[in-house]
Amino acid sequence: MNKISVIIIAKNEAQNIGECLESVKWADEIIVVDSGSEDDTISIAKSFTDKVFFNEWKGFAQQKSFTMNLAANEWVLSVDADERVTDELKEEILNSDLNEYDGYRIKRENYFLEKVIRGCGWGNDYQLRLFRKSKTKLTNRLVHEGFEVEGKIGQLKNSMLHYSYRNFSDAFIKINHYSTLEAIEKQNRKRVNAFSIIITPVIAFTQHFFLRKGFIDGMHGLFVSIMHAITKLQVQLKIWELKNRK
């Protein structure tokens, strides 16, 4: 049986971190790297593991790379504070011969306001989260960073749960933050004008609600599609601001 190190980055995740850590307490090692929480995140984390560290925030990719390098075991499972490893996924990881591949994609069941979303492209969300440390690195991106594995990649059958947005206030805080990072990343590659500012959110909504079948999730699918459109509108506005700031 392969030994598993679980890695988690966190900041002000007191409402999430306990349930997250409870779902991975079976792991051989749990590493939490905090970037300056002002709530009970650290004390909650220390009740599950003695491997709680501080690292100054320099971006998602840098923080996850720092955390991965602390892992003592070759096999590493990366989990976000708002995610939960199901019992079925735990059993699959512990009872499978992982050595056939160098990394594994895991499907996420994404929730919005406590409801699992099947449309909007959320129902087919596979993330590379279980991997050999020696063959893995982080993509150098400000947002939507990911792990890259040099070698064969497989796919696990069972899912993890992702409680991305528990309420609208939380959602607006997150999309404001992510849209800023996306704008900074794309400012030298994207041209913004009046037409793009108007049409981009319209296209974003249409893709999510109609082409990616957000309508099958009813009002929740409508909300997710609107939030996606708002995010893309914010990216357009922030790129314009960055380009025209004196």
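A cavity is defined here, on a 1 Å grid over the protein atoms alone, as a set of points where a 1.4 Å probe fits but cannot get out. A volume is the space filled by probe spheres set on the points, with grid points joined across faces, edges and corners. The model is predicted: local features need pLDDT of at least 70, side-chain atom pairs count only at pLDDT 80 or more, and totals for chains, interfaces and linings use all residues. Residues are numbered from 1 along each chain as its sequence is written, and side-chain values use heavy atoms, with hydrogens and water left out.

A search of the whole structure returned one cavity of 30 Å³ or more. The volume of the largest cavity is about 30 Å³. Its lining residues (those with an atom within 4 Å of a point) are I7, I8, I9, K64, T67, S78, V79 and D80. Two elements, β1 (4-10) and α3 (60-69), each give two or more residues to this lining. Helices (H or I, at least four residues) and strands (E, at least two) are DSSP runs, numbered from the N terminus. β1 gives the most to the lining of the largest cavity, with three residues. By class, this lining holds four nonpolar, two polar and two charged residues. Ala, Val, Leu, Ile, Met, Phe, Trp, Tyr, Cys and Pro count as nonpolar, Asp, Glu, Lys and Arg as charged, and the others, Gly among them, as polar.

Helix α3 also has a buried side. F60, A61, Q63, K64, T67 and M68 of α3 are buried (under 20% relative accessible area, with exposed over 50% and partly exposed in between; 1.4 Å probe, protein chains only). They cover an arc of only 165 degrees around the axis, so they lie on the same side of α3. The arc is that of the directions from the helix axis to the C-beta atoms. The cover over these buried residues of α3 includes β1, β2 (29-34), β8, β9 (136-138), β10 (147-149) and α5. Contact here means heavy atoms within 4.5 Å.

Strand β6 (residues 103-112) is largely enclosed by the rest of the structure, because nine of its ten residues are buried. Strands count as paired if DSSP finds at least two bridges between them. β6 runs parallel to β11 (residues 153-165), and nine bridges join them. F112 has Y165 of β11 as its bridge partner. With β8 (residues 126-132), β6 pairs in the antiparallel sense over five bridges. There, Y104 is bridged to L130. Two bridges join β6 to β7 (residues 115-116), again antiparallel. In β7, V116 is the bridge partner of Y111.

The hairpin of β6 and β7 has two residues between the strands, and its L113 takes a positive phi near 55 degrees. E114 lies in the loop between β6 and β7, with a phi near 70 degrees. N12 sits in the loop between β1 and α1 (14-22). Its phi is positive, about 50 degrees, although N12 is not a glycine. N12 is partly exposed, at a relative accessible area of 35%. Most residues other than glycine have a negative phi.

A pocket is an open set with protein on both sides within 12 Å along at least five of seven lines. The second largest pocket has a volume of about 210 Å³. Its lining draws two or more residues from each of α5 (168-186), α6 (194-211) and α7 (218-244). α7 supplies the largest share, five residues. The lining includes E182, K186, H228 and K232. Three of its residues are nonpolar, four polar and five charged.
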